[in-house]
Amino acid sequence: LKHIETISTGHSQKSGSEFQVDDFRNTLTKMLQENPINWTAIGHFIGEAISQTIGEAVFDEVMELVHTANEKFQDELQTRYDQTKNSSAIKKPKIVSKILDYLSFHYKNDKVALIVIDGMSIWQHHLLRHKLPGSIQEHVIYSWIPSITQLSRQAIFRGDNPDTSYRQGPSNEEKLWKKFWVSKDIHEFEISYQHESIDVENHGSITKLALVFKELDAKIHSATDYKDLMDLTRNWIQRSEIHSIIQKLLALDFKIFITSDHGNVEARGWRGLKGK
């Protein structure tokens, strides 16, 4: 755990130093042998390793070890995932459909900003977190499976299990967001939803704010490999001005929660598709 902490705070394996694959392998192996397995710690450990080795000679070897962890996680999903759908959100949400219940239980009377970054994986989060102001607490929760935007992001804003007949779109997300908070006796003039065009300057009466950043997902789909995606991610972090937006919200006394609706992995084509 101390090793993970030093990595996540940047006190070891600085830029220019050689990533120690053997140390990574040994630590990951021990973590996967724990009972129960701490997937939050493993998620951060893997995310930091990927973000440090993209474009390096050891990257493929690191990803082979990550694949081993993914296979173990698949077993976890098969045995535990269904339980999360009905889990309590009082301590923390275990799945995206419980995020709003958690916010309502703990922060109904506070100014809350929920930021949803479309498609952000955990290694991209590690690139972002070092740029964020304020005190940060981190938890790993499940997306809705299958983790497509239409279901998983809907589950976030519905605050419940998604509806398969739902039509994905910003206007429908805004309706879900407002409907949830109105049901909790929050006035509609206190609720705001923004999609892509983000403006946090004039929010005097707003106490429940949702911001959706979609541009990163577009960059994911246009990337050719992980190295390309890393450069695009860093570019997005800078151009989105998310650091400045969060700084302004903190100054306005908002409590800020950042999540993704789903992550991403590199997919290689198997063969050409014809027709539908």
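Author: Happy to, and keep in mind that this is a predicted model. Let's begin with helix α5, where the buried residues are covered by elements that include β1, α7 (149-158), α8, β3 and β4.

Reader: Nice. Which residues in helix α5 (residues 99-107) are buried?

Author: In α5, I99, L100, Y102, L103, S104 and Y107 are buried. One of them, Y102, also turns up in a separate core of 30 residues, together with I191, V212 and F257 among others.

Reader: You mentioned strands. In what order do the four strands sit in the sheet?

Author: The order is β2-β3-β1-β4, in an open sheet with parallel pairing. At the edges are β2 and β4 (255-260), each of which pairs on one side only. On average, neighbouring strands are turned by 15° against each other, ignoring direction.

Reader: How many bridges join strand β1 (residues 112-117) to β4?

Author: Six bridges, with the two strands running parallel. As an example to click on, V116 has T259 in β4 as its bridge partner.

Reader: And which helices pack against the sheet?

Author: Helix α8 (residues 170-183) packs on the sheet, where it touches β1, β2 and β3 (208-213). The direction of α8 makes about 160° with that of β2. Helix α11 (residues 242-251) lies across β1, β3 and β4, and runs at about 175° to β3.

Reader: How many bridges does β2 make with β3?

Author: Five, in the parallel sense. In one of these pairings, S192 has L209 of β3 as its bridge partner.

Reader: I'm curious about Q194. Is Q194 buried or exposed?

Author: Buried: Q194 sits in strand β2 (residues 191-195) and has a relative accessible area of 11%. That value counts as buried because the cut-off is under 20%.

Reader: What does Q194 touch?

Author: Leaving out residues up to four places away in sequence, Q194 touches D199, H203, L209, A210, L211 and V212.

Reader: Switching topic: what's in the largest nonpolar core?

Author: That core has 46 residues, and F24, L28 and I117 touch the most other members. Helix α3 gives the most to this core, with seven residues. L28 touches I42, F45, I46, L65 and A69, not counting residues up to four places away in sequence.

Reader: Since α3 came up, at what angle do α3 and α6 pack?

Author: Helix α3 (residues 39-53) and helix α6 (residues 122-129) pack at about 75°, with axes 8 Å apart. That makes α3 roughly perpendicular to α6.

Reader: Which residues meet there?

Author: From α3 there are G43, H44, G47, E48, I50 and S51, and they meet I122, W123, H125, H126 and L127 of α6. By type, the contact residues are four nonpolar, six polar and one charged.

Reader: Which residues have positive phi without being glycine?

Author: E241, with phi near 55°, and D253, with phi of about 70°, are residues to look at. E241 lies in the loop between α10 (226-239) and α11, and D253 is in the loop between α11 and β4. D253 counts as exposed, at 60% relative accessibility.

Reader: Last one: where is S222?

Author: S222 lies in helix α9 (residues 215-222), and is partly exposed, with a relative accessible area of 48%. S222 touches D228 and L232, leaving out residues up to four places away in sequence. From S192, S222 is 30 residues away in sequence and 30 Å away in space, C-alpha to C-alpha.

Notes
Residues are numbered from 1 along each chain as its sequence is written. This is a predicted model: local features need pLDDT of at least 70, side-chain atom pairs count only at pLDDT 80 or more; totals for chains, interfaces and linings use all residues. Side-chain values use heavy atoms; hydrogens and water are left out. Buried means under 20% relative accessible area, exposed over 50%, partly exposed in between (1.4 Å probe, protein chains only). Contact means heavy atoms within 4.5 Å. Axes are lines fitted to C-alpha atoms, for helices over the stretch in contact, and angles run from 0 to 180 degrees between N-to-C directions. Angles under 35 degrees count as roughly parallel, over 145 as roughly antiparallel, 65 to 115 as roughly perpendicular and the rest as oblique. Ala, Val, Leu, Ile, Met, Phe, Trp, Tyr, Cys and Pro count as nonpolar, Asp, Glu, Lys and Arg as charged, and the others, Gly among them, as polar. Two strands pair if DSSP finds at least two bridges between them. A nonpolar core is a set of buried Ala, Val, Leu, Ile, Met, Phe, Trp, Tyr and Cys residues joined through side-chain atoms within 4.5 Å.
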